[in-house]
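Got your viewer open and a selection tool ready? Here is a short tour of aromatic rings, stop by stop.

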Amino acid sequence: MDMFATSQGEPLLRKNTSAAIIENDNIRANAIQIERYEQMQLKRKCRTKALLILLTCLCVTGFLTWLYIDHTVPEFNQYRLVKSFEETSLSNNSGDSDRPRIILLWNSFFGDERWSLPDDLIDPAYFHNKLQCPVSNCILTNKRDLFPQIEMYDAILFHTAQPFPVINSVPSKRSSRQLYIFALMEPPGETKHILSDEKDFYNLTMTYRTDSDIIWAYNWFVDKESGMRILPTEYPKWRPVPNIYNDTAIWELWPNKTKMAAWFVSHCETLSRREELTAELQKYIDVDIYGKCGPMSCKNGSPECDRLLDEEYKFYFSFENSLCTDYITEKLYKIMNRNIIPVVYGGANYNQFLPPHSYINVEDFSTAAELADYLQYLAANSIEYMRYFWWRQHYELRFYAPFCELCQRLHQPQYYLKTQSYSDIEKWWLKGSCRFKSRIKF
């Protein structure tokens, strides 16, 4: 029995052993497959991650390139300017005074790459014939590739009311002879970048403020007889106001001027609280508000709007959104050329900028009711109303491009020697520049 059992058990043992081997092989094969699958999945994840990183980099690069394109190929006709620059010695000698000074517009003026000029490159002929500059040997351009090196420009204008480009935000190199100019026409609150990062950066300022190196005004009053420009000094020399003045154009319009006051406005909530002042005045007189902040509509600057102001209204509200030193918007100068009296409200000392008795200053009155009483008096008194137009007999408004004075400065001997340092442009521009309390109660 024992022998039979042994002889019959050997095949069973071999069979069980083979099955175990096969099972183990299957387990190992499955383990290898799982490992390979996991490795394959890991590789796929790595490839996917790498692809995502690459796509992200491409998108970011494309976006930054879209924000700013750095042109590097100069136009053919610009080589004459490069040649004229390099042929002149950079030393302080007589030859240098004959060289054209090159001014670069570094960034746009609210999207306008040309800053309202007719071309990308303004040559000396334009300075002389169109701008009528006393010194005209200058070239103004927005092309950074005019010269092979950015240090070769004599002056660079930076418009600081908007952020600088993301790429090449400021020049990578700077010559000791270059003048960097802080250029701005907006009030301090509208500055859109951090001035504290730009200490010891600017050499000159070109703004509407009278303490700027170059005053950039929308318009200037000029004496018709002498041709002299009236500068905004502390006590400008205006001609005396006559006791009686007759203006034929105003007399002809007077019978149809039956409406009291108009105001065209698009910013409804302001630091000056001009909207509250207007609401207070509306308690005493009729004020028609056009634009986003009122019920009436008229396309500002259109012939129809001009006709309404000239023929139907007696007063126009020229109220600034900020009470800032010397700040007067272009709208006021446009109104001065219309047949209507401007009522002004702002932070400027209007006596420095406008002829006396050519406007009505809100802050010459204690209350809105007192101001309304005076407007009603003028509206009923044609002779006194006419006197506000006396200045037209002696003065006219003209535009003077600030680039003329900049060109003249660049041709002064040793112009590159900085006489004024803006070690803290933020403090100069912001400290004490605006007030937040009105002198009239409302």
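The stops below go from ring pairs to a cluster and then to charges over rings.

Before you click, note that this is a predicted model, where local features need pLDDT of at least 70, side-chain atom pairs count only at pLDDT 80 or more, and totals for chains, interfaces and linings use all residues. Residues are numbered from 1 along each chain as its sequence is written, and side-chain values use heavy atoms, with hydrogens and water left out.

Rings of Phe, Tyr and Trp (its six-membered ring) pair if their centres lie within 6.5 Å; planes under 30 degrees apart are stacked, over 60 edge-to-face, and the rest tilted. That rule gives 35 aromatic pairs.

Select Phe-182 and Tyr-202: this pair is edge-to-face, at 5.3 Å centre to centre with 80° between the planes. Phe-182 is in strand β5 (residues 179–184), while Tyr-202 is in the loop between β5 and β6 (204–207), 20 residues apart. Helices (H or I, at least four residues) and strands (E, at least two) are DSSP runs, numbered from the N terminus. Both Phe-182 and Tyr-202 are buried (under 20% relative accessible area, with a 1.4 Å probe and protein chains only).

Next, select Phe-315 and Tyr-385, whose centres are 5.9 Å apart with planes at 70°, so this pair is edge-to-face. Phe-315 belongs to strand β11 (residues 313–319) and Tyr-385 to helix α10 (residues 382–386), so the pair ties together parts 70 residues apart in sequence.

Now widen the selection to one aromatic cluster, whose members include Trp-106, Phe-182, Phe-201, Tyr-202 and Trp-428.

Arg-209 lies over the face of Trp-428, 4.2 Å from the ring centre.

Conventions: Buried means under 20% relative accessible area, exposed over 50%, partly exposed in between (1.4 Å probe, protein chains only). A charge sits over a ring if NZ of Lys or CZ of Arg is within 6 Å of the ring centre and within 35 degrees of the ring normal.
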